Amino acid sequence: MINNKAEMDEDSEKIINTGCCHDCGGRCVLKAHVKNGKITRIETDNEKEPQLRACSRGRAYRQRVYSEERLKYPLRRVGERGEGKFERISWEDALNHVASKILGIKKKYGNSAILFVPGGGNQGMLHGVTPVGLMLNQIGGYTRMWGIPSYEGALFASMATYGTMMTGSARDDLLNSNLIIMWGWNPANTVWDPGTSLWLARAREKGIKIIAVDPIFTDSAAVLANDWIPIRPGTDTAMLIAMAYVIITENLQDQRFIEKYTVGYDAYKDYVLGSEDGQPKTPRWAEEITTVSEQTIIDLAREYATSKPAALIAGWGPARAAFGEQYSRAANVLCAITGNIGINGGYASGFMRAYSSRESIGSTGKKKEGPIKQL
Ligand code: SF4
């Protein structure tokens, strides 16, 4: 949108509404003040709430646009790999070079030898995967990977557990939680919803306890969390299952929710208690694997199960490994056995596409009942 009055006068400042295209999961509003074709400053959403406020990375976009290090034209490597020697070439040369390489591969090996790995850099936010796929289809097709390296674990687990990828709740609903667990999730860097940081900050101001489980002392852990539990990378599943062990053996599960809304609890219980494979998934067992102390696992399990409604938000990162979907499934199951799904302040951990649930669960100043009534 261009300020009409300003549009009449090139020398005056225009305000152009746009969005931040860092691929962090947010779509925050940026208002670029432009004078004589140059961005002079960037503001964000300052309209009525709920605002889509940009973080400092988005507000600093001007530095990125005018950075000395920004690539402004195609460069061709002329030295050895890693030597850092490049020459400037025209767009026409660059496009011809890439096109001839693609056609050369097609001619020599066939279309299946062209592998398209989508979603890198800003591609997801700026163009999506469709234009590249369409272009490659024009020459007869290409090979695509099965699944998505980024979120396949969470997506698979959400479909397996809930039968939908529309999980989670609107971010403002976090204010209804008694406890928020950020598991392998660093929203200060990857917000996955423009309102996330704001509502987490408000939750903290409200005194809602926030715990971060993460191998790294992330920005989110530093700024938002009351407690940080470091864990050996790739071992999250063991800790989540050991928490289920505590909840089940101490009879802290929400039995009415389990009976009314779930299937397979008895089989899961057999697995957790070790009746199935002879290995009880005790906190001591998990300590060996995760390096998180037995007592910490017990405490977190008790706190999560008894602080209802509690939001366990398991990020995608820990699932980016072999069998990573089991981590996501273990988190989803914890939400289910504690009955923290479908209630305000709870959270169905999973793929985190909260768009649908945003329509049905809460909005600022207007609390609505979740789709599942409190039992
Ligand atoms: S949260 Fe993400 S989308 Fe929003 S301003 Fe920051 S980097 Fe950009």
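**Exercise 1.** How many contacts beyond four places in sequence does the model have for residues 354-372, and under what value does pLDDT stay there?

*Solution.* Remember that this is a predicted model, so start with the confidence scores. Over residues 354-372, pLDDT stays under 50, and the model gives that stretch 37 contacts beyond four places in sequence. Now look at the other end: residues 1-6 also have pLDDT under 50, with 11 such contacts.

**Exercise 2.** Work out how helix 10 and helix 14 are arranged relative to each other, and what sort of residues make their contact.

*Solution.* Find the two elements: helix 10 covers residues 236-249 and helix 14 covers residues 294-306. Next, take the geometry: their axes are 9 Å apart and the packing angle is about 65°. Angles of 65 to 115 degrees count as roughly perpendicular, and that is therefore the label for helix 10 and helix 14. As for handedness, helix 10 crosses helix 14 in the right-handed sense.

Then pick out the side doing the touching. Helix 10 brings Met 239, Ala 242, Met 243, Val 246 and Ile 247, while helix 14 contributes residues including Ile 297, Leu 300, Arg 302 and Tyr 304. Sort the whole contact by type and you get 11 nonpolar residues, one charged and no polar.

How values were computed. Residues numbered from 1 in each chain as written. Predicted model: local features only at pLDDT ≥ 70, side-chain atom pairs only at ≥ 80, totals over all residues. Heavy atoms only, no water. Axes fitted to C-alpha atoms, helices over the stretch in contact; angles between N-to-C directions. Helix = DSSP H or I, 4+ residues; strand = E, 2+ residues; numbered from the N terminus. Parallel < 35°, antiparallel > 145°, perpendicular 65-115°, else oblique. Left-handed = near helix turned anticlockwise from the far one by under 90°. Contact = heavy atoms within 4.5 Å. Nonpolar A, V, L, I, M, F, W, Y, C, P; charged D, E, K, R; others polar. pLDDT = per-residue confidence, 0-100.
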